[in-house]
Amino acid sequence: MKILMFLVVLLLAACGKQFDSTITYYNEVPVENANITCTVYDLSSMSLSKIPDFDTIPQLKIGQIKVDQLDVLDTNNSQQFSKFKNSFASTLVEKFGLSCVAKLQVDVTGTHKFSLSSDDGSRLFINGVKVIDNDNLHGTTMVESNVNLTAGTSIIKVEYFQNLGSKSLMLLWKEPGGISTIIPANRFLN
Ligand SMILES: [Ca+2]
């Protein structure tokens, strides 16, 4: 096993990829430009009607994974959360939670419109302030909010839970003078 891990590290080094030993890569291969770190919770033991207080349930953490964007839409209930395929293949179907944190590059000072769409509930925090509350049990629903940002970097956090049935999570923004789009991977900094 140690030899195998050594070979994996060698292979990653040869590919020029960063391997962060503090993050559990369930597929053992980091995704390119994956700068959004999501802590994943198994909520199968809970009765869910809204996002739980993740700080109070550390025992339900099942690991962390990094993704490049929040752009997940699963139309097949039986599939795993497609952004995380090859990782939590058998677990991310029903009753799970995510707490995702990332550093966002802001190019222009001004009003940015954020749109957070999810099934079931989600919330968006920017620099520690809740700016979108899209919580509770529901099918895919989008909530929008205008936020004044200063050029530089902002810390974003998205909390999410999936209860039963279909599931989705998408985070879009509209920069000043721009169009609404999924926040692209290259705007999340390492
Ligand atoms: Ca659902």
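**View 1. Pro176 sits in the loop between β10 (167-174) and β11 (181-182).** Helices and strands here are DSSP runs numbered from the N terminus, with helices being H or I of at least four residues and strands being E of at least two. Pro176 counts as partly exposed because 13 other C-beta atoms lie within 10 Å. For the cut-offs, a residue is buried with 20 or more other C-beta atoms within 10 Å of its own, exposed with 12 or fewer, and partly exposed in between, with the C-beta atoms placed from the backbone. Leaving out neighbours within four places in sequence, Pro176 is in contact with Val108, Gly110, Thr111 and His112. Contact means that the C-beta atoms of two residues, placed from the backbone, lie within 7 Å. The C-alpha atoms of Pro176 and Val108 are separated by 7.2 Å, though the two are 68 residues apart along the chain.

**View 2. The whole protein is a predicted model with a mean pLDDT of 83.** The model being predicted, local features need pLDDT of at least 70 and side-chain atom pairs count only at pLDDT 80 or more, while totals for chains, interfaces and linings use all residues. Residues are numbered from 1 along each chain as its sequence is written. pLDDT is the predictor's confidence in each residue, on a scale from 0 to 100, and 78% of the residues reach 70 or more. Over residues 4-29 the pLDDT is below 50, and this stretch has 19 contacts in the model beyond near neighbours in sequence. The secondary structure comes to 1 helix and 12 strands, in the order α-β-β-β-β-β-β-β-β-β-β-β-β along the sequence. Of the 190 residues, 31% count as buried. Among contacts with a separation of 6 or more, 71% are between residues 24 or more positions apart.

**View 3. Strand β4 (residues 96-106) pairs with β1 (residues 36-42) in the antiparallel sense over 6 bridges.** Strands count as paired if DSSP finds at least two bridges between them. Thr39 stands opposite Ser99 in β4, and Ser99 also stands opposite Glu159 in β9. Strand β9 (residues 152-162) runs antiparallel to β4, with 11 bridges joining them. Strand β12 (residues 188-189) is antiparallel to β4 too, over 2 bridges, and there Lys103 stands opposite Leu189.

**View 4. The largest nonpolar core has 33 residues.** A nonpolar core is a set of buried Ala, Val, Leu, Ile, Met, Phe, Trp, Tyr and Cys residues joined through C-beta atoms within 7 Å. Ile36, Cys38, Leu70, Cys100, Leu124 and Val158 touch the most other members. At least two core residues come from each of β1, β2 (61-67), β4, β5, β6, β9 and β10, and β4 gives the largest share, 5 residues. Zoom in on Cys100: not counting residues up to four places away in sequence, Cys100 touches Ile36, Thr37, Cys38, Leu70, Lys157 and Val158.

**View 5. β6 and β7 form a hairpin with 2 residues between the strands.** The two strands pair in the antiparallel sense over 5 bridges. Leu124, one of the core residues that touch the most other members, has Ile132 in β7 as its bridge partner. Asn127 takes a positive phi near 50° in this hairpin.

**View 6. A cis peptide bond joins Asp119 and Asp120, with omega about 5°.** Asp120 is found in the loop between β5 (110-119) and β6 (122-126). His138 touches Asp119, Asp120 and Gly121, leaving aside residues up to four places away in sequence. His138 itself lies in the loop between β7 and β8, and it counts as exposed because it has 12 C-beta neighbours inside 10 Å.

View 7. Lys95 lies in the loop between β3 (71-74) and β4, and is partly exposed because 18 C-beta neighbours fall inside 10 Å. Asn136 belongs to the loop between β7 (129-134) and β8 (141-149). With 15 other C-beta atoms within 10 Å, Asn136 is partly exposed.
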